[in-house]
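These are my notebook entries on one protein chain. I set down what I looked up, in the order in which I looked.

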Amino acid sequence: MLPLTDKRQHRPLKSIARSFLVLSLQYVCPSAQAFVVAPSTLVVPLRHCDSVSHASRTYTPLSLTRNDDDILQSRTVTTPDPSTDTHDVTDSITRRRLLFSLLLASSSPSLLPAHAVAKDTRNTAAAESSIQILKPPLDKRTYETYTLSNGLTVLLCSDPQSTTAAVGMNVHVGACSDPVEVPGLAHFCEHMLFLGTKLYPEEDSFSKFLSANGGINNAFTDAEKTVYYYEMDASISTRFSESLLRFGSFFSCPLFTPSATNRELNAIDSENSKNLQNDIFRLYELEKDRVNSHHPYAKFFTGNKDTLLVETKRRGIDLRQQLVDFYDRYYSANQMCLAVVAPQSMEELRKYVAQGFGDIMNKGVRPPEDAWAFRVAPYAEGKSLVPAVKTIMEIVPIQELRQVTITWPVVFASKEEREDFRLNKPDYFVSSLLGHEGVGSLLSYMKAKGWANALGASDNADLSDFVTFEVTVELTSKGLAAIDDVCEAVFSYVKMLRETPIPDYVFDENLQLDELEWRYTTKGQQGQYVQSLVTAMDKFPPSLYVAGPRRLALKESSTTLLSTDAPRTKFRSTEQRDIIKAACKDLISRLTVDNSFLTVFSKSFEGKTNQVEKWYGTEYNIRPIPVSTLMVWENCSPASSIGLAYPRENIFIPSEKGLRVKKNVKNDDNPKKLTFEEKMKPITPPAVIRDDGEDGRWTVYFKQDDRFGQPKAFMIFQLLTGELYQSPLQAALAMLYQTCAADLLNEYTYDARLAGLTYDFQVLPRGARLTFGGYNDKLEDFASYVTAKLARDLDDVLPGNEDEFERYKDNLLRALSAFNVKQPYAHAIYYTALTQQPRNFQYSNDELVNSMKTTTLSQLKDYVKNLWSRGKGECLIQGNYNKQEALEIVETIDKTLAFSTISADQYPKRLKALPLPVTTPTQQPPRLSISEPNPSNNNAASQITLQCLETSEKNHVLIEIINAIIEEPFYTDLRTKQQLGYIVSSGVKAVDQSRTLSVIVQSNVATAEELTSSMLKFLDSVSEKLIAPLSPVDIELFVKGLVDSRLEPDRRLAVEVTRNWGEIASGRFQYDRLQAEVGALLDIKKKDIVDFWERLYVKERRMLVSEVVPKAGPVSTKEPALGGAYVSGVPSGVLGIKDIERLRENGERERAKMEA
């Protein structure tokens, strides 16, 4: 999984409440790769920006894992988090806050939303087809939008160079429309649409079809919309057109069978159970408790078995009839938007869409929000479960969190006012100031005071009639004791915004940086893109379906919309800038003391609360903010008196001259479909341009970009040494240094990140690595400065005193402690991965915690002094540089690092996966049983892993074929039929040349042993029930899906760079690996599959079962033993957590024998 980096740098990392989870995952369990799961999720609006938004400046470092050799070479090996399919409800950026209806019915660029009027368009044709859809200059795809005769709004995107398609449907109704007596009904309806239609009555028909065509699907329910989407191989048009027929039947003739209705209740309840120990959900529900109870946003959105079954039965309500009534009432073609991105021509796509979606009934439904928006006040004193304005809520979190959030409701008086806010985006500009991290910023001031570790500003709740604007501060223990002072500082900054004019350059730079990103936007992943399109269709006029979420200043004047897709370097006119300034002034005027309320997270409130939230059991207090405190904030210190100031002008913005591309790359305005032979042609690999020999200083690899034609480049420098990661203490010191350096360099690097430059510094088991990327105009200077600070000016990147050191140490200890409150399935994945990692490549969470506690500032300083002292340099420079420039860059970095060389025999060993023990079918496989560390989590989990140590391309693709074969049947059996849990998944993971196939289930209705038994029963049946019946056509479809995924063209330079570095760092240098695997796939026969499964599961079975047992609840069993299962070095029973060390030790011995 890529590191979770915020797409708009002035906002918190996703949510500051999640930042420690992220750290924990990054540092503690980088091997916790995941899988694919349930095709539905209830979305929770989070404090982070939309990944498709203009605010989503992606300054993410390359996707490099902490172990170079662990880089996944095959795209299809990569697997998402099992709790979320491809997008977790708590981790997803894409599902965030796209909540509104703004759809244009006519072809003129009106500023009013189409859903403002419920009109019958059954007799209209493609009225909008002539509209120019603004798109990025590098996007050569063709777009078209129109309305079907039944009123369904359609957006088509023809992408002939792709082999995959993605389709999304946005139904303009969400959880706000739940009947009061049936909370969770919209979410339940979303689940049920997947379970059979009149045209395709088999419950798993759609998932089977997608699985056979290399596809996935999912859905999510938000406050005011429900989005369904899927992606698949679309190189065979007949198969793709059939998918549209199947998908379209969801919305024209779902069955809602009684049997499926009863069973799917378990999935809803399991999903809710999964979220009970999640701080994001707990906070979200309390946020809604502060809303007017008569406003629909105050409802309980997820639903559970009590709300959907127990309570409906008690009240005599027919649940299935409620589902049917809800669908009949709201699922109308005139309240739906469809987006299709596919390789077919426009003519074909129009035809397929008409066939698949023309039968959806138009019921002339009015937008659901018409019943309450601008009629029911979102916030009203005395009408909410929990008071809002001028109160402070103190919450006991699950994690070790300390944060304070100041929230301001921004309530709109009309649809027009709401629309202006969406088009002008004042929240973007205001949050860029409040959330700035450079000199003179709020964050810098609070860090200097010792109050804060991080700060973010953004909007949060985002509905038709209101949004909330927030500033969140992640506090130190000192900051927690000084919350009043922290808030006063925020109000001082707001006072400056209100009383001191914001400099014009702030607006100009925001626009310039935004347009720079627009100028170089390239194609992304199809599934995520179609979600962004279909949600934008519900918010923006047709011409802005693509540009709306991605650009600023969407109005050229008070009455006209942005009309050009050409990148802008400045505002079109003073009037246009003044429109934005006026919108910002209006937003700032609402950020008052009297209009605010506070939320504080801290474990220090434990045992001191007097209230419990109904749905999640969150303990909290609510109290009024003292009048005296409000008066202090109202009369806060002037910003200048405490060192606060507007950001300086950004020196890192590239010049036009610096954006010159040095090697012309042909970009065809009318891209053609690539032939198979063209796709199989290997990409030119990097060349060695400096080789100082095995005992010398550097081996430098270089490639000038010849594919993407952008003024961007990446540089990766690695110093190979085995002296930095030899113990848990060294690993803890490495974490400390990385954290300190990033924080202390932040004032300098923040503006660089805003301008598209990135850096990443990691200490790894095989050495230290620096990665730089972005626009090459200022990249060399940026890299030189950062490298000098990290390697030479150590006092600038180390804590200056013991208090500062303890702050960083506290951060990391809390990050590590977050491991204990992760989901049970994540613990199972983590411990399974740990058993396959050599002990000096990955230390356990407990080892890191214990070592971190003992670290001292003097130890850190001594460790850092030796960090760059000796080693062997490896480097890759790729992008918009020529060979001579690359050599000069390396020479500059070399002089800065100034390390001593080592001999080849001192090179650190490469990662080799530890073999799991071999067992026969008659033997019990090793079973690891661990007690769930969070006593409040009542879910059990079990993972079964099969390890393949064979290294050929043929074996690597065979294990992926097996996964493709079992994926859908496994899900259907254990999730849909047996209803064992919401998280049911399978996936393949790579560690160096080994591959593992895993299946996993998390459940609140079955014990860990029962889960294991059900999974083993399924695996026992694979040969007879799934492999034996395979026809040549079946095999061809599975193979084709894997072939197409490998031959899908790279969309970004970073993808190619990451793959090239994986080959360099692993020492394999097989740059044509994807093409070689395609060759192996094309030769696969049924006998190969049969023989491979026989070896993997029967003859050479290397299997591990990892169970996580809850301490309490209905699926709790006897608490697992900590260890003692080994007798004379051989496991004699169920393994405990303390037996993992012995298991790894045995694996290391076996690996040594293999290599002897």
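**Entry 1: a pair of strands.** I began with strand E9 (residues 402–411) and strand E11 (residues 466–475), which pair in the antiparallel sense over nine bridges. Within this pairing I looked up Pro409 and found that Pro409 stands opposite Thr468 in E11. I then noted what lies on the sheet: helix H23 (residues 802–817) packs there and touches E9, E10 and E11. The direction of H23 makes about 50° with that of E10. I record that the model is a predicted one.

**Entry 2: the sheet.** I next traced the sheet to which these strands belong. It is an open sheet of seven strands with mixed pairing, and the order is E10-E11-E9-E12-E8-E14-E13. Which strands stand at the edges? They are E10 (452–462) and E13 (611–612); each has a single partner strand, so one side of each is left without a neighbour in the sheet.

**Entry 3: helix H26.** I listed the buried residues of helix H26 (residues 857–865) and found Leu857, Leu860, Tyr863 and Val864. These residues cover an arc of only 125° around the axis, and therefore they lie on the same side of H26. I also asked what the buried residues of H26 pack against. Their partners are helix H20 (728–744), strand E18 (758–764) and H23.

**Entry 4: a residue in a loop.** I located Gln344 in the loop between strand E7 (336–342) and helix H9 (346–357). Is Gln344 buried or exposed? Its relative accessible area is 4%; a residue under 20% counts as buried, so Gln344 is buried. Leaving aside neighbours within four places in sequence, I found Gln344 in contact with Ser158, Ala234, Ser237, Phe240, Leu349 and Tyr352.

**Entry 5: cysteines.** A disulfide is a covalent bond between the sulfur atoms of two cysteines. I noted that a search of the whole structure finds zero disulfides. I looked up two cysteines by name. Cys189 is buried, with a relative accessible area of 0%, and Cys740 is buried with a relative accessible area of 0%.

**Entry 6: the whole chain.** The protein chain holds 34 helices and 29 strands. Of its 1156 residues, 65% count as buried. Among contacts between residues at least 6 apart in sequence, 83% join residues at least 24 apart. The accessible surface of the chain comes to about 39,000 Å², and 51% of this belongs to carbon and sulfur atoms.

Technical notes. Residues numbered from 1 in each chain as written. Predicted model: local features only at pLDDT ≥ 70, side-chain atom pairs only at ≥ 80, totals over all residues. Heavy atoms only, no water. Pairing = 2+ DSSP bridges. Helix = DSSP H or I, 4+ residues; strand = E, 2+ residues; numbered from the N terminus. Contact = heavy atoms within 4.5 Å. Axes fitted to C-alpha atoms, helices over the stretch in contact; angles between N-to-C directions. Disulfide = S-S within 2.5 Å. Buried < 20%, exposed > 50% of the residue type's maximum accessible area, 1.4 Å probe, protein only. Arc of directions from axis to C-beta. Areas by Shrake-Rupley, 256 points an atom, 1.4 Å probe, with all protein chains shown as cover.
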